[in-house]
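Trainee: I have a structure open and would like to learn how to read its features. Can we go through some together?

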Amino acid sequence: MNLSGKRVLVTGATSGIGQATALQLVEMGAEVWALGRNRDKLAELEARGLGGGKGLAFDMLEFGAYREFVGTLPKMDAVLHSAGVVENSPLKYFSMEKYERIIATNQSAPLLLTAEMVRAGKFNQGASIVFLASITGTSIGMKGIAAYAASKAALLGMAKVLALELAPKLIRVNCVSPGMVNTELVANATYISEEAKKADMMKYPLGGRYAEPHEVAGVIAFLISDYSSFMTGQNLTVDGGYCIQ
């Protein structure tokens, strides 16, 4: 799969699936504009090479700065909305502050960024927008992460609506919903113990393991590529068979 000539904006590019995707897209020939808050990690990405792109230090929760920020961007052929957070918050510990932070990061930010980019004409014809969702909230439930599940489930609804709105511009909108993935987010998760994690891995039919970031990145690359040129409003599940049981 050759992505030469594609310019891609990746949010949450300094870790996890976002970072893996950014690096994989560069290997496939794309020019990647990597967005994140950690300037040191952005500098590391730039040093490894972004195919002519650059690192962009930006806080996705600074909603008032979106219009000015988008104005500095060149036109894009694709955007991956990968930035996200998850926190353990059972109902007895529920707080609006935590809930609003999760919804703002996982749901509001990608919608606002997409809206500003469309208004500013920052997408080339035939562009692809990919939301990183999750099987949690869309296909399964998991105790203690209601806000996260709600934010990820919302992305599927958003993608269907935006796919219809943007189809006349030949802009495609799709989602990728992974199961558990071996990222820093999962490694540092406080909502599941190591023993429970090992037991959970055995529920994944395809090898009794979690996905590696590059396995999700490959599916994202497919949705960015011209191989998926007639797909829009869809959700691709990458879970090693977890949800078919």
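This is a predicted model: local features need pLDDT of at least 70, side-chain atom pairs count only at pLDDT 80 or more; totals for chains, interfaces and linings use all residues.

Trainee: Which residues of H9 are buried?

Mentor: They are Pro 213, Val 216, Ala 217, Ile 220, Ala 221, Leu 223 and Ile 224. Their arc around the axis is only 155°, so they sit on the same side of H9.

Trainee: How many residues does H9 have, and what should they span?

Mentor: H9 covers residues 213-224, which makes 12 residues. At 1.5 Å a residue, H9 should span 16 Å. Its end C-alpha atoms are 17 Å apart, which agrees.

Trainee: Now single residues. Is Lys 197 buried or exposed?

Mentor: Check the relative accessibility against the cut-off: buried means under 20%. Lys 197 has 7%, so it counts as buried. Lys 197 belongs to helix H8 (residues 194-201). Beyond four places in sequence, Lys 197 touches Val 186, Ala 187, Ile 192 and Tyr 210.

Trainee: Where is Ser 177, and why does it count as buried?

Mentor: Ser 177 is in strand S6. Ser 177 counts as buried because its relative accessibility is 0%. Leaving out residues up to four places away in sequence, Ser 177 touches several others, including Ala 133, Leu 156 and Asn 235. Leu 236, Thr 237 and Val 238 are also among them.

Trainee: What about Gly 29, and where does it lie?

Mentor: Gly 29 is in the loop between H1 and S2. Its relative accessible area is 33%, so Gly 29 is partly exposed. Setting aside neighbours within four places in sequence, Gly 29 is in contact with Leu 3, Ser 4 and Gly 5. Separation along the chain is another thing to read. Gly 29 and Gly 218 are 189 residues apart along the chain, and their C-alpha atoms are separated by 14 Å.

Trainee: Next, pockets. What volume does the largest pocket have, and which residues lie nearest its centre?

Mentor: Read the volume, then the lining. The largest pocket has a volume of about 960 Å³. Its lining has 42 residues, and Ser 15, Ser 82, Gly 84, Val 85 and Leu 185 lie nearest the centre. At least two lining residues come from each of H1, strand S2 (31-36), helix H4 (96-119), helix H6 (146-166) and helix H7 (184-187). By class, the lining of the largest pocket holds 20 nonpolar, 15 polar and 7 charged residues.

Trainee: How much space lies in the second largest pocket?

Mentor: About 160 Å³. Among the residues lining the second largest pocket are Gly 126, Arg 172, Asp 226 and Phe 230. The classes there are 7 nonpolar, 3 polar and 2 charged.

Trainee: How many cavities of 30 Å³ or more are there?

Mentor: A probe fits in a cavity but cannot get out. The count here is 2 cavities of 30 Å³ or more. The largest cavity holds about 50 Å³ of space. H4 gives the most to its lining, with 3 residues. His 81, Asn 106 and Lys 152 are among the lining residues of the largest cavity.

Trainee: And what lines the second largest cavity?

Mentor: Its volume is about 40 Å³. Its lining consists of Ile 135, Thr 136, Ile 140, Met 142, Met 180, Asp 200, Tyr 204 and Tyr 242. Those divide into 6 nonpolar, 1 polar and 1 charged.

Technical notes. Residues are numbered from 1 along each chain as its sequence is written. Side-chain values use heavy atoms; hydrogens and water are left out. Helices (H or I, at least four residues) and strands (E, at least two) are DSSP runs, numbered from the N terminus. Buried means under 20% relative accessible area, exposed over 50%, partly exposed in between (1.4 Å probe, protein chains only). Contact means heavy atoms within 4.5 Å. The expected span of a helix is 1.5 Å times one less than its number of residues. The arc is that of the directions from the helix axis to the C-beta atoms. On a 1 Å grid over the protein atoms alone, a cavity is a set of points where a 1.4 Å probe fits but cannot get out, and a pocket is an open set with protein on both sides within 12 Å along at least five of seven lines; lining residues have an atom within 4 Å of a point. Grid points are joined across faces, edges and corners, and a volume is the space filled by probe spheres set on the points. Ala, Val, Leu, Ile, Met, Phe, Trp, Tyr, Cys and Pro count as nonpolar, Asp, Glu, Lys and Arg as charged, and the others, Gly among them, as polar.
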